[in-house]
Each structure stands twice: as C-alpha cells, then as structure tokens.
Amino acid sequence: MRVAIVTESFLPHVNGVTNSVVRTLEQLQAAGHEALVLAPGDPPSRVHGARVVPLRSVPLPGYAEVRVAVPSTRTVARELAAFAPDVVHLASPFATGRPAVRAAASLDLPTVAVYQTDVAGYAGRYGLGAATDTAWRVVRTIHEQVDLTLAPSLTSARALAAHDVPRVAVWPRGVDTVRFNPLHRDEAWRRRIAPGGEALVGFVGRLAAEKQVEDLAVLQDVPGVRVVVVGDGPQAADLRRALPRAVFLGQVTGDALSRVVASLDVAVQTGPHETFCQSAQEALAAGVPLVAVGAGAVAELVDPSRTGWLYPPGDLAALRDAVADLAGDAAKRRAMGAAGRRQVEGRTWQVVGEQLLSYYATAVAGHRSAAQVG
C-alpha cells in the first residue's frame, strides 16, 4: 500500500501529532508499505524510509518555533499526483485540512482524517469564546468530506458525533512498552532530584495554557513531595515563576525520558482538553500511578482506585488530596503502578498500526462504494 500523510505538525517540533505520525511511519515501513509525508516547517528529508516534502508555513504567533502550514491546493495535489497513493492520511487537519481535502478530491483519492487536537477547546481556554463555534465549523467542514475520521478516544468520538461529524471510528494511540517500563527506574537519579527522599510528582507535556500546569502550585507545600516538570513551551518562563520550588527539566527525549518517567512516584495531568494524552499512557506503561483531571480523554486512562485518581475539574483541593494520598503510601503506589502497567501492555504501536491498516482498507472500500453509487 502507498500512503500519503499530510500532517499539521512534524519534526523537529515534538508533540502528540508528530509522535503519532512518526510511529505510523515506523509501522508502515516495518510492514513493507511506502509512505510520503507533506509537513510544515523545516523537516528532515526522510523519516523511517518515507520522503518528507516541506509545505509553505508561517510561525505561530507567540510560539515562533511552531510552524503552521499554509499550502495551496495546487501544491498538495501536485505532490499527491506524483506519488499516486492508495490512501491519503490527514494528521490532525486544520490549517492543512481544506487544501488537502480538495487536492485528494480532485484526484479521486480515498481519505482518512485523524482527529487529534481539540482546537475548539483550546480556543475557549485562551479566552476566544466566539472562536469556539468557528473552530467546530472548520473541523466539521473538513471531516465531513473524508471517507473516515479516526478519533483517539471515546470522548473525542462523542464530541465529533455531537457536532455532526459522520463516519467516525476510534483509533487509540499505541505505547512503547519497552521504552516506558518500570525497569528504567533510576534510584541514583532520584536521589539527585530529591536528596531528602521526597516523593517525585511529575508532569510531562507541553507547557502551554491549555495544559493548566499552574494548577500544580497547590502541591508545592505538600509534605514529602517534590514537583518535577518535564517539557517546554510558551508558558515555561511563567510557570517557573509560579512554581519556584519545582524542578524544571526542560525538553527530555529518548533514553533520558524513559528514565525520568519511570523514576516518578506519581504522574499528574491537569489539562482538561486532551483528545488522548500520550504522556499519561506512557506513565502507566512505566508503572507510575496517575492523578488526572476528570475531564477530556485523559480521564479514560484512569481506573479510579485501581490505577490512580481522578479529581473534578477546577477542584484543586481534590488534586492536592489525591497526590498526598499516593505520596504518603508507597504500597498503594506500587499496587496502582503495577495495575496501570497491566492495563496498557497490549496497546503496542504494532497493534494499533495493524488497526490503522484495517481502517485504511475500510476507507478505500467506502470510497469505491460511494463512487459507484454516485
């Protein structure tokens, strides 16, 4: 199979969309399929055997390191025609969505769109209430034209259905259970970060307003707790001021990230607008119990009292209590961490890669049927 991926975000910028696309390319290559990537910014020329074509882009206002693609339909159509794919995969389409959908339609190509960013929720979080409805109209306009939309969680699938997006299926994210594994726990590293033997309570993710990392301020004076923040983003400087007692590690990747995640005692996710939350799943794979806001898709990853705790959105006293409960009970942390590891062990990228291939086949068959009816 030949797969063309048009993505809203890609390397060198690292986020959930980028990670999902890179892992998809890895699985396509392993299965012997050919891929092409159309991406914004200044991406590497090849990734996992796939040629990467840069699309015209502009810097995101206030976050210059992130590039937003502004391609023309003609450009996308030219690249797709030259590659002649069996299916076009649209990764988190928004700015790239309309030109990509039009280009694919002009060539009569089957399309699969992966919904991965709650743009409408982000608009509300940034105080752009009027833009929320507009964002949903854009999402609906793009996704109603594709053969199949894949949502990463039941929460996301229900949100799409509530906004009249048709032909939605659930395709979750995979997790690397080798890289994220309790075996990577590093006691020497822990002693350097918490020489007093404090429980390490960590957030891993992008430091942006929609993640609500500032909520961790309620944990700074919990006895026996050291807050660790892993990641970078436009709010980094503000958060360092808001969390003066926290340890900020910046962007961490590769083996170092494996060690950091496995060495936490509790993982915390405070963002209520997640469409999945990959870093939460990685913490569970590493045997770390999770405390998460009971909103958005991250709530689906927590089995309360078994793999962690959920707290009501905005109830920071409940967040504090949940973290204090786990920080003060090592036996409970070990039991919840082991249960979390068991929960995600079967969600490897190979498994979800095979699911994606079956969804590609569904989209191709649906496209052909629609053409025959038309």
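**Cores, a sheet and a helix crossing**

Of the 60 residues in the largest nonpolar core, L216, L219, V229, V268, V291 and V323 touch the most other members. Such a core is a set of buried Ala, Val, Leu, Ile, Met, Phe, Trp, Tyr and Cys residues joined through side-chain atoms within 4.5 Å. Buried means under 20% relative accessible area (1.4 Å probe, protein chains only). Helix α11 (residues 316-327) gives the most to this core, with 6 residues. Another core lies apart, of 28 residues, among them A35, A91, W349 and Y360.

This is a predicted model: local features need pLDDT of at least 70, side-chain atom pairs count only at pLDDT 80 or more, and totals for chains, interfaces and linings use all residues. Residues are numbered from 1 along each chain as its sequence is written, and side-chain values use heavy atoms, without hydrogens and water.

Now the sheet. It is open, with 6 strands in the order β13-β12-β11-β14-β15-β16 and parallel pairing. Strands are DSSP runs (E, at least two residues), as are helices (H or I, at least four), numbered from the N terminus. Two strands pair if DSSP finds at least two bridges between them. The edge strands, β13 (247-250) and β16 (308-311), each pair on one side only.

Finally, two helices cross. The axes of α10 (residues 278-285) and α12 (residues 330-344) come within 7 Å, at roughly 115 degrees. Axes are lines fitted to C-alpha atoms, for helices over the stretch in contact (heavy atoms within 4.5 Å), and angles run from 0 to 180 degrees between N-to-C directions. That makes α10 roughly perpendicular to α12, a term covering 65 to 115 degrees. Q281, L284 and A285 of α10 meet G337, G340, R341, Q343 and V344 of α12.

Key: Buried means under 20% relative accessible area, exposed over 50%, partly exposed in between (1.4 Å probe, protein chains only). Angles under 35 degrees count as roughly parallel, over 145 as roughly antiparallel, 65 to 115 as roughly perpendicular and the rest as oblique.
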